[in-house]
Amino acid sequence: MERTAERQAARANTVLFRMMLGIAGFLAVFAVVVQPNSSIFQGFWAIQMGEAGLITDPICTGGVGGALLNAAVLLLVSTLLVRWMRLPFSGAALACLFMMAGFALLGKNLINSTPILLGGWLYARYKREPFSKYLYLTMFGTCLSPLVSFLMLHARPGLRLVSMLACGVVIGFLLPPVSAYTVRIHQGYNLYNVGFSAGFVGLGVTSILKGCGVTFVTQGSWSEDSHVLLCVLVGALLLGLLAAGILLGCRSLRIYGRILHHSGRAVADFVALESPGTALVNMGLTGGIGFVYLLVLRVPLNGPLVCCILAMTGFAAFGKHPKNVVPVMAGAILSSALMGHVPLTAPATLLATLLCTGLAPIAGQFGWKWGAAAGFVHMAIVQHTSILHGGMNLYNNGFAAGLTCILVIPIIEALRPEPKE
Amino acid sequence: MKQKHLHMARRKMCHAIDELYTLLLRAGGEAVDLRIRREAEGLRLLVKGDFSPEHQTELERLEAVLCPPVRDPALVEEFWELAGGDQYTNDSELALVGQMVDEAQVRVEEGQATIELYIRF
């Protein structure tokens, strides 16, 4: 019986590995089809050597083909790293890989991520542990990669290589212990735990650099002319996930419905708790909510917005589902509507509305009203957190979500009656 | 004796104990016996306790939760401190305990559960 379960898990693992390779291949082929000339490689190189702080759209820097190629390469390298380290393709792994692919459309690239990965590896060596144990933390930690790019471009000539390497290594070295600590603070109610810890590490590093006279200015860019192409890409990806989930056995509402009973609070690995098929269907549906929301608002899709959809999709294997993301998004939308200075279609607001779903476990655990309240507070807080790390933490919403938890969770616990034993 | 990570194993075991006795007490148990043994390469925990008959099915599912077919060490590294930490909600982190331990055995009889966990140093 135990052997059968192990064999089934091994088979599912292989299927998910091939699926991630397939997604990387799909992104690469799509990139070449939409930009079928050498400019794709020039664009790809421009992204590696360009600015990456919030909110920079790599499509503006390197074209839609270059940006998608960057996402494909980063996803391929990350997938192979997970496989090489012999980690299972669990819900956490899927979330991590989708974040790598997604945030390659909002600032991550091979050059600015590599020093952070090196720092994580050095931390593992220091602790005399296998690097595999720290791989997710380190890969999520690449959310501070804009700092590496910033130093590569703005440090004194002659110091650029050393400073970017040193900064990346320090970040990669420090993030694992800080992330293990911050999880205690929000108690698993913020799915973007490393975003929270990276906010503090980013705050520390940028404050020191500011003290040395560095001024953080991000140029920012926001493309609007690749809407149709990106709609086709996102639509195909989400439908593909749905189809894969159905093929893997999630063929009835009864089977899928079980996932909606989970609060989503970490650790809710839907691949293990339910099944790979159910998790994939959930990924397609939850990502679809973000996609439909943007279509309803008639906002042209671009790199950062596709990034948000991929983040929602990835974490639908690790805590998010339609029942717990909708209340949080509704709270954020209400907050934006009531605050006159935060229009619904402003770039930062769109990102916050989609990424506030990192607080979905609050709705799952305490009900939709508290979920909406958390989304409301998140939208207000996130408007003021970017300045703390100079726009260098790509998971700024994860940072804000952690701060929201500190404010909201104790209040909920104080006001709600104690659970029945 | 390999005790490089004894400190970490001890901390993880404390969190696992927290989850297990909470489970049994919430399942209507009146007495929970805990016995912990330091072995050459790890810590072994033996938990024995009773529970109310209406929780029989829930306890029978425990083996699947504590003995997952695949363990993900990278997930454990980030989240293991969540186990046992929250006593406010009814949500358990037993699946996380299953990921944290190196071996687990569960025996559930009528109204009685025996759980054995092992964490390597």
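How many nonpolar, polar and charged residues does the lining of the second largest pocket have? We will come to that after the interface.

This is a predicted model, in which local features need pLDDT of at least 70, side-chain atom pairs count only at pLDDT 80 or more, and totals for chains, interfaces and linings use all residues. Residues are numbered from 1 along each chain as its sequence is written, chains are lettered from A in the order in which they are written, and side-chain values use heavy atoms, without hydrogens and water.

Start where the chains meet. Here 40 residues of chain A are in contact with 26 residues of chain B (contact means heavy atoms within 4.5 Å). Two salt bridges are counted between chain A and chain B. A salt bridge puts a side-chain nitrogen of Lys or Arg within 4 Å of a carboxyl oxygen of Asp or Glu. Lys133(A) and Glu77(B) form a salt bridge through their side chains, at 3.6 Å from N to O.

Now turn to the pocket. A pocket is an open set of points on a 1 Å grid over the protein atoms alone, where a 1.4 Å probe fits, with protein on both sides within 12 Å along at least five of seven lines; lining residues have an atom within 4 Å of a point. The second largest pocket holds about 450 Å³ of space. Its lining has 21 residues, and those closest to its centre are Lys133(A), Lys12(B), Asp102(B), Arg120(B) and Phe121(B).

So to the opening question. The lining has nine nonpolar, two polar and 10 charged residues. Asp, Glu, Lys and Arg count as charged; Ala, Val, Leu, Ile, Met, Phe, Trp, Tyr, Cys and Pro as nonpolar; the others, Gly among them, as polar.

Technical notes:
Grid points are joined across faces, edges and corners, and a volume is the space filled by probe spheres set on the points.
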